[in-house]
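Hello,

Here is the structure I said I would pass on. My notes on it follow below.

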Amino acid sequence: MKIHLNARNRAHRFEADADEKLLYAALSDAVDLPYECGSGTCGTCRARILEGEIDDGWPDAPGRKFLKGPDEILLCQCTARTDLVIEVSSFVHTMEAGASTPQHFKGRVSAMRRLTHDVVSLDVQLDGSMDYDAGQFVMVRAAGVPGYRGWSMVNYERSARKLQFVVKNKAGGGLSTWLFERAAEGAELDIFGPLGRATFFPALAKNILCIAGGSGIAGMMAIIARAAHDAYFTQYRGDVFFGVRTMKDAFFLGELADFVERCGEKFSVTIALSDEPVPQAAARDHPRLHFAHGLVHEIAGARMSGRYQNVRAYLAGPPPAVDASIRTLLQARLSTDNIRYDKFS
Ligand SMILES: Cc1cc2nc3c(=O)[nH]c(=O)nc-3n(C[C@H](O)[C@H](O)[C@H](O)COP(=O)(O)OP(=O)(O)OC[C@H]3O[C@@H](n4cnc5c(N)ncnc54)[C@H](O)[C@@H]3O)c2cc1C
Ligand code: FES
């Protein structure tokens with residue numbers, strides 16, 4: 001199907017297969033439409049249909065509450081039934097030459113490991129290689145589960161053929177139930193990516209602040225790995241705050257401690273326990289990490305007070321934790337350009 005897109009600055013043309021989400025079709029043709037979640041909740045991919053017919057894959061998507069009329073749709077949920085003319089109110093540019101244009105891949109689960117009672121790590125082998133930036137995510141779909149979900153890459157490598165993820169079990173969730181009850185090594189996944197703008201490049205030349213809730217630590221691990229690889233923390237500070245409920249919900253502590261040892265004194269990691277005081281054994285078992293009792297955005301806010309000069313913040317995790325962290329950073333007068341986030345909605 002041929003799609004004609006009128007944006008505020010110019011028109012674009014791209015092709016979409018009959019079963020391909022319009023957002024994904026545009027992005028894979030290097031048309032850089034705005035999006036956040038890629039999965040029907042945030043409303044950022046809102047567009048107006050001027051001509052043609054679509055099929056809506058999820059008419060109950062929560063993001064539809066942001067639509068302003070019956071001719072508006074979510075591009076991440078809809079497919080084209082005919083050729084279309086659509087309109088978005090934002091500026092839309094073509095991706096820069098050399099950017100990693102998102103593409104469709106087939107993936108196969110090659111390893112699965114329980115990290116806690118409700119978090120697994122999994123490795124997914126791709127049928128091709130993917131270039132992505134530290135902090136990016138992909139959209140994932142499994143047979144029998146309607147819709148795509150975002151998962152952030154934990155590993156960082158160029159031309160990756162294997163992606164590593166950490167996924168938290170959401171009680172009753174579609175993909176969670178598939179992953180925790182039915183999936184096994186060899187299970188197949190449809191993957192679309194890479195996506196996301198909460199990315200880190202060593203040329204940033206700023207101190208880094210990471211605030212993660214639960215599985216939100218995933219993309220932070222890629223950012224830290226990228227920075228550590230380039231000895232970034234010999235010059236710039238890195239402060240990581242990882243919020244979990246209790247010690248039994250914490251994971252990657254060994255990996256984070258290894259980063260502290262490798263990166264030196266400009267790099268610190270604090271584990272914030274929201275639902276229990278810090279057990280005495282925590283500091284003894286993990287001497288390179290700091291521990292505190294409280295909500296992660298409060299702990300980060302208190303420890304970072306007066307230390308926001310030349311800082312870029314990366315936030316990820318459940319939407320309430322990310323929203324609270326954004327408020328904390330805005331109160332500290334960090335500019336919106338220096339607050340990059342992924343809400344795991
Ligand atoms: C940018 C981003 C990165 C993320 N990274 C991670 C990560 O690294 N690790 C992690 O554990 N979680 C991550 N998440 C959250 C993850 O995508 C899922 O929301 C979460 O795992 C729960 O999925 P579920 O299928 O179990 O729950 P569900 O409640 O079934 O679904 C959760 C989401 O899937 C979509 N969805 C649900 N039903 C449909 C449908 N019928 N059709 C289309 N879409 C549907 C919606 O967006 C919904 O909010 C991320 C989310 C985003 C947006
Ligand atoms: S990108 Fe489509 S609703 Fe979020």
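**Helix H6 and what lies around it**

Helix H6, residues 296–304, has these buried residues: Val296, His297, Ile299, Ala300, Gly301 and Met304. Please keep in mind that the model is predicted. The buried residues of H6 pack against strand S14 (207–213), strand S15 (238–244), S16, S17 and helix H7 (319–331). Just after H6 comes Gly306, with a positive phi of about 80°.

Two of the strands that H6 packs against, S16 and S17, also pair with each other. S16 covers residues 267–273 and S17 covers residues 290–293; the pairing is parallel and runs over four bridges. In one of these pairs, Thr270 has His290 in S17 as its bridge partner. Together with helix H5 (residues 280–285), S16 and S17 make a right-handed β-α-β unit.

**The core**

The largest nonpolar core has 103 residues. Those with the most contacts inside this core are Leu23, Leu75, Phe165, Cys210, Met220 and Tyr314. Helix H3 (residues 217–229) gives the most to the core, namely eight residues. In soluble globular proteins, nonpolar side chains tend to be buried together.

Which residues does Cys210 touch, leaving aside its neighbours within four places in sequence? Cys210 is in contact with Met220, Ile223, Val240, Phe241 and Tyr314.

**Ligand 1**

Ligand 1 is surrounded by 27 residues, and the closest are Gly147, Gly150, Gly173, Leu175 and Ser176. By class, this shell has 12 polar, 11 nonpolar and four charged residues. Strand S11 (149–152), strand S12 (160–168) and helix H2 (174–182) each supply at least two residues of the shell.

**Backbone points to check by eye**

Most residues other than glycine have a negative phi, and most peptide bonds are trans. The following places depart from that.

- Gly193 and Pro194 are joined by a cis peptide bond, with omega about 5°. Pro194 has its place in strand S13 (residues 188–195).
- Ser159 is not a glycine, yet its phi is positive, near 45°. Ser159 lies in the loop between S11 and S12. Ser159 counts as exposed because 9 other C-beta atoms lie within 10 Å, and the cut-off for exposed is 12 or fewer.
- Asn310 has a positive phi of about 55°, although it is not a glycine either. Asn310 is found in the loop between H6 and strand S18 (311–317). Asn310 is exposed too, since 12 other C-beta atoms lie within 10 Å, which still meets the limit of 12 or fewer.

Regards

Key: Residues numbered from 1 in each chain as written. Chains lettered and ligands numbered in written order. Predicted model: local features only at pLDDT ≥ 70, side-chain atom pairs only at ≥ 80, totals over all residues. Pairing = 2+ DSSP bridges. Right-handed = clockwise from strand over helix to strand, strands pointing away. Core = buried A, V, L, I, M, F, W, Y, C linked by C-beta atoms within 7 Å. Buried ≥ 20, exposed ≤ 12 C-beta atoms within 10 Å, placed from the backbone. Contact = placed C-beta atoms within 7 Å. Near = placed C-beta within 6 Å. Nonpolar A, V, L, I, M, F, W, Y, C, P; charged D, E, K, R; others polar.
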